[in-house]
Amino acid sequence: MFDSAMPEALPITAERIIVRGLVQGVGFRPTVWRLAAERGIRGTVLNNGSGVEIEAAGTSAALDDFVAAIRNESPRLARIDAIERERMDAAVFAADFRIIESEATAVRTGVVPDANVCGECVAETFDPHSRRYRYPFTNCTHCGPRLSIVEDIPYDRQNTTMRSFEMCADCRVEYEDPADRRFHAQPIACPACGPKVWLTNADGSVYSGGDVDPINAVADLIKDGKIVAIKGIGGFQFACDAANEDAVKRLRERKHRERKPFALMVRDLDVLRTFCEVTDSEAELMQSASAPIVILQTRVEKPVAPSVAPGIRTLGVMLPNTPLHHLIMQKMERPIVLTSGNLTDEPQSTDNESAIGKLGPIAEYFLMNDRPVAQRVDDSVVKVMAGEPRMFRRARGYAPSPFVMPAGFEDAPSLLAFGGELKNTFCLLKDGQAIVSQHIGDLENAEAQADYRHNLGLYERLYEHTPEALVCDLHPEYLSSKLARKRSVDSGLPLIETQHHHAHIAACLAENGVPLDSGRVLGIALDGLGFGDDGSFWGGEFLLADYAPYTRLGTFKPVAMPGGEQAIREPWRNTYAHLMAEMGWDRLAADFGKLDIVAFLDAKPRTTLDAMIERKINSPLASSAGRLFDAAAAAVGICRERAAYEGQGAIEFEAIVDEDVLKYEDEQSAYRFEISTAGEGGIPFIDPLPMWHALLGDLLRETPAPVIAARFHKGIAIAIVRMITTLTGRNMPMTIALSGGVWQNKILFEQVTARLESANFRVLTHRQFPANDGCLSLGQAAIAAARLLLS
């Protein structure tokens with residue numbers, strides 16, 4: 001208990017004040033203590049399951065001013081969702097204001113995300129007179145690890161991976177002083193009592209060469225072209241010199257990451273501006289408490305190796321976000337690669353011993369530490385599009401901040417939504433809030449599935465969450481859906497299945513605060529694949545939808561995927577299927593036989609492919625916008641034979657777009673798509689036949705690929721808007737919701753949103769959650785809650 005002497009004042013009234021939101025583990029109680037002392041207010045403040053509870057007595061004016069100050073002067077990492085006030089008896093109050101111990105009640109508050117190191121802690125780390133000089137684990141209540149170290153509730157030191165580090169006397173004084181910024185900072189540490197770092201060789205033996213300071217030695221090794229595995233807040237990361245082509249290529253070969261871009265870290269914005277364009281909003285993002293990777297446009301000359309980000313003109317870059325990173329980067333005048341410490345498609349390693357076995361064949365050295373990682377947390381990824389930050393991957397710095405659901409969901413039952421197969425997240429719905437997990441990743445191997453199960457259990461424990469129903473995707477083969485179905489059988493809990501693209505649109509509605517009882521919107525969900533309610537694969541959908549019902553009003557033309565999933569890995573299969581569906585081989589050969597793409601396809605087993613398509617053998621129809629982008633890119637020669645990562649063809653196709661053609665060329669030169677209808681009673685679809693004739697004609701004329709890419713992007717944007725205006729011309733809503741991974745294409749997104757807004761449409765888009773499948777679990781939870789509330 002902590003006392004603060006207060007001026008004598010006759011209390012006129014007293015209140016119980018409950019502050020809900022992210023208000024624990026962020027220095028909220030000492031802030032309240034200070035604000036109360038400044039206003040002569042008496043009472044107490046404590047943490048409980050609801051958030052922060054304050055009992056305060058003072059004049060009515062002082063209490064009003066106190067509550068206003070709580071809202072306006074909250075700590076750096078706090079997020080206030082609600083402040084509730086009720087009158088109480090003033091006679092029970094002592095003559096001072098006190099901080100009292102946590103109270104164990106039902107959990108309604110949130111776990112705070114890991115946070116970028118604050119400026120004060122950075123200054124201490126580089127101050128030779130500070131007792132934390134060059135200490136890589138310097139932190140306070142305003143920064144440092146949270147989610148990555150917590151194992152149980154309440155968020156106290158004994159429930160984190162810091163419990164084995166007993167505080168020294170100096171740290172204890174700081175921890176117990178409410179006027180100190182380390183008051184109740186659970187990860188508090190210093191060189192005398194906290195975690196340590198050390199450097200090893202690839203086999204785990206202690207490194208004995210070079211600088212005796214292991215952090216300085218790491219910087220020297222990176223500059224010398226070595227690959228170092230560094231244990232960070234959320235797991236291991238591989239680091240190497242981003243300007244050293246040999247080092248980057250070795251890392252790619254050993255990590256089995258053929259072309260997918262690597263993320264970079266730079267010392268500061270001055271270094272970054274030498275090779276990237278950085279706007280004020282992008283710089284602000286990079287320096288925020290969340291400190292994500294931000295995808296930036298590169299300058300013509302860039303001091304990074306070609307293998308860092310082959311085939312694209314952007315780079316994902318972050319600034320140092322821990323004291324450890326700051327100390328390493330202090331000696332680095334150029335960027336380093338900093339990427340997840342794992343084999344491609346596996347979760348990053350977190351444990352020292354297992355990391356040596358798994359990562360030893362990749363890294364040449366390890367910078368270890370003895371602070372355990374409770375759960376993996378990847379770096380978040382953000383890109384500014386149409387002038388606003390858009391989440392591409394939500395993890396460190398953002399998750400698991402609870403999201404307050406829109407009006408109407410306050411009484412929703414507790415639900416557990418299991419998410420999708422790729423870019424998986426899951427979602428707990430409780431007390432009108434959605435708790436969406438950090439990015440888990442693709443559930444394609446046993447380790448990823450084990451990490452998924454671990455996090456499910458952890459979140460249910462941290463939030464004392466007991467679901468009344470389970471929610472999953474319709475897809476019969478999604479591993480997340482199989483797990484949900486098994487749990488439903490084992491537990492007897494009801495299972496609600498949701499359609500993939502409806503979940504995308506519902507997530508967009510929820511994120512934009514659309515109330516439960518609002519009318520329908522026209523949702524455009526564009527992605528790779530999702531299981532439709534008719535048993536076919538969808539991926540280019542125009543849905544009249546709200547949270548509960550939806551109607552499919554339009555789509556992209558369904559085209560076969562010969563080989564099924566193989567068509568995702570080998571994009572030429574999509575090109576072949578599209579061309580056969582539009583014109584057939586004889587016409588293709590007669591009109592465009594001189595083209596390289598025709599010769600390429602002729603060398604493939606066309607007879608077998610034709611038979612597969614005709615007999616519908618492992619060749620499902622798919623109305624996929626993503627596969628159309630793959631097909632067009634492959635026709636031009638981009639990512640034709642094999643995709644090294646998901647969406648590669650579309651990403652590299654976007655990267656070559658001629659910006660001048662996109663902006664200034666007459667719209668009549670954009671490739672045209674038709675809007676057709678299949679038979680009586682069929683829904684309209686976007687037909688790419690005229691686009692294919694124009695694209696192949698441009699190839700015959702040897703039109704530059706960047707011009708073709710610009711005409712394709714502008715043409716498909718025009719077609720989407722035409723479809724929208726056609727559908728909304730029937731007294732349909734003027735509110736449009738955009739979701740699905742294809743909308744992470746910046747050119748398509750900005751083309752479509754600008755055209756819609758100029759036509760007076762209201763456009764809802766993603767910002768806080770990814771447009772890709774990372775938002776599915778939120779949408780699933782919203783749909784299930786709506787069905788139960790409205791039933």
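**Close-up 1. Arg163 and its salt-bridge partner.** In this predicted model, Arg163 is partly exposed, at 49% relative accessible area. Its partner in a salt bridge is Glu151. The closest N and O atoms of the pair are 2.4 Å apart. Both residues sit in the loop between α3 (119–125) and α4 (169–176), 12 residues apart. Glu151 is also partly exposed, with a relative accessibility of 27%.

**Close-up 2. A salt bridge between Arg334 and Asp241.** The N to O distance is 2.5 Å. Asp241 belongs to strand β9 (residues 236–241), while Arg334 is in the loop between α9 (323–329) and β13 (336–340). The pair therefore ties together parts 93 residues apart in sequence. Asp241 is buried, at 0% relative accessibility. Arg334 is partly exposed, at 39%.

**Close-up 3. Arg299 meets Glu277 in a salt bridge.** Here the N to O distance is 3.3 Å. Arg299 lies in the loop between β11 (293–297) and β12 (314–318). Glu277 lies in the loop between α7 (269–272) and α8 (280–286). The pair thus ties together parts that are 22 residues apart in sequence. Arg299 counts as partly exposed, with 32% relative accessibility. Glu277 is partly exposed as well, at 39% relative accessible area.

**Close-up 4. A network of salt bridges.** Side chains of opposite charge can pair when their charged atoms come close. In this view, Glu120, Glu124 and Glu174 are linked with Arg131, Arg132, Arg181 and Arg182. For the model, the count comes to 58 salt bridges, with a nitrogen-to-oxygen cut-off of within 4 Å.

Terms used: Residues are numbered from 1 along each chain as its sequence is written. This is a predicted model: local features need pLDDT of at least 70, side-chain atom pairs count only at pLDDT 80 or more; totals for chains, interfaces and linings use all residues. Side-chain values use heavy atoms; hydrogens and water are left out. A salt bridge is a side-chain nitrogen of Lys or Arg within 4 Å of a carboxyl oxygen of Asp or Glu. Helices (H or I, at least four residues) and strands (E, at least two) are DSSP runs, numbered from the N terminus. Buried means under 20% relative accessible area, exposed over 50%, partly exposed in between (1.4 Å probe, protein chains only).
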